[in-house]
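Here is a short briefing on one protein model. Keep the sequence and the 3D view side by side as you read.

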Amino acid sequence: MLPTDEDLYRTVTFGIPTTTMPPFVDVLTERERRDVVAYIKSFSNNFETMPPAEPITIGEEPEATAQSIAEGKSIYMINACWTCHGSTGKGAGEAASSLKDVWGQKIRPVDFTLGKYKGGNDNRSIFRTINTGLTGTPMPSYAESFSYGSDSVHLPPTLSKAYADVEIAQLRAYLQSQPTQEEISNMPDSAKVSLTDRRAWALVHYVNSLSREPGLWHRLFVEDTEVTNDR
């Protein structure tokens, strides 16, 4: 789907962390940034023939708690986020070395421990990225992945290579506490939305919990290097 004008404006304004795209919020006025957006759109005929995606609705964020972070870890495991981003979020999962963008260039998964994300660093931006994905990258939309039932999740054998037995046991206990697929199907729409939103925010809270303050070496030699660098 095409980005909205606000998507493009946000990128021009804040840049793309972990890449060489800088922010222009202190360089260009708002009018100038919107003019840049209009000019960028002139490069592709798609903006004349295709409608942009509908902006997703982002509700009020619940409080981050130990429980929501723990649930987020289970969701991270269920959705196989660890296969790319690694079990500790450092971007070193089993599939990390084989990822490529739509141009065929190698691309590294984001290292969550750095606390910097291409779509924005605040929780609402992380929520948006999880639900929309990142076009051009291997990061898909997970908007439809939060309605799983306790009986519809099948854990892969390779999970035991990434996580300790106690962590897998905690995941199984979490699944046993969740409603079945039939129970979810019989929920009113408002309850389904509440359930999927809670799970999406829990994943956001877990991802954020992985952030660590980078050291001097990283700030000097690693930050703001292009994500698609082949290393």
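Thr-113 touches Thr-88, Gly-89, Lys-90, Leu-210, Ser-211 and Arg-212, leaving aside residues up to four places away in sequence. Contact here means heavy atoms within 4.5 Å. The model is predicted: local features need pLDDT of at least 70, side-chain atom pairs count only at pLDDT 80 or more, and totals for chains, interfaces and linings use all residues. Residues are numbered from 1 along each chain as its sequence is written, and side-chain values use heavy atoms, with hydrogens and water left out.

**Around Thr-113**

- Thr-113 sits in the loop between helix 5 (82-85) and helix 6 (123-132). Helices are DSSP runs of H or I, at least four residues, numbered from the N terminus.
- Thr-113 has a relative accessible area of 10%, so it is buried. Buried means under 20% relative accessible area, exposed over 50%, and partly exposed in between (1.4 Å probe, protein chains only).

**Aromatic pairs**

- The structure holds six aromatic pairs. Rings of Phe, Tyr and Trp (its six-membered ring) pair if their centres lie within 6.5 Å; planes under 30 degrees apart count as stacked, over 60 as edge-to-face and the rest as tilted.
- Tyr-76 and Tyr-206 form an edge-to-face pair, because their ring centres are 5.2 Å apart and their planes stand at 70 degrees.
- This pair links distant parts of the chain: Tyr-76 is in helix 4 (residues 66-78) and Tyr-206 in helix 10 (residues 189-209), 130 residues apart.
- Tyr-76 is buried, at 0% relative accessible area. Tyr-206 is buried too, at 7%.
- Ring pairs join Tyr-76, Phe-112, Tyr-117 and Tyr-206 into a cluster.

**Salt bridges**

- The structure holds eight salt bridges. A salt bridge is a side-chain nitrogen of Lys or Arg within 4 Å of a carboxyl oxygen of Asp or Glu.
- Glu-6 forms one with Arg-34, with the closest N and O atoms 3.1 Å apart. Glu-6 lies in helix 1 (residues 5-14) and Arg-34 in helix 2 (residues 30-41), so the pair ties together parts 28 residues apart in sequence.
- Glu-30 also forms a salt bridge with Arg-34, and here the closest N and O atoms are 3.3 Å apart. Glu-30 and Arg-34 are four residues apart in helix 2, so about one helical turn separates them.
- Arg-34 is partly exposed, with a relative accessible area of 27%.
- Arg-31 is exposed, at 53% relative accessible area. Salt bridges that share partners join Glu-6, Glu-30 and Arg-34 into one network.

Note on methods. Helices (H or I, at least four residues) and strands (E, at least two) are DSSP runs, numbered from the N terminus.
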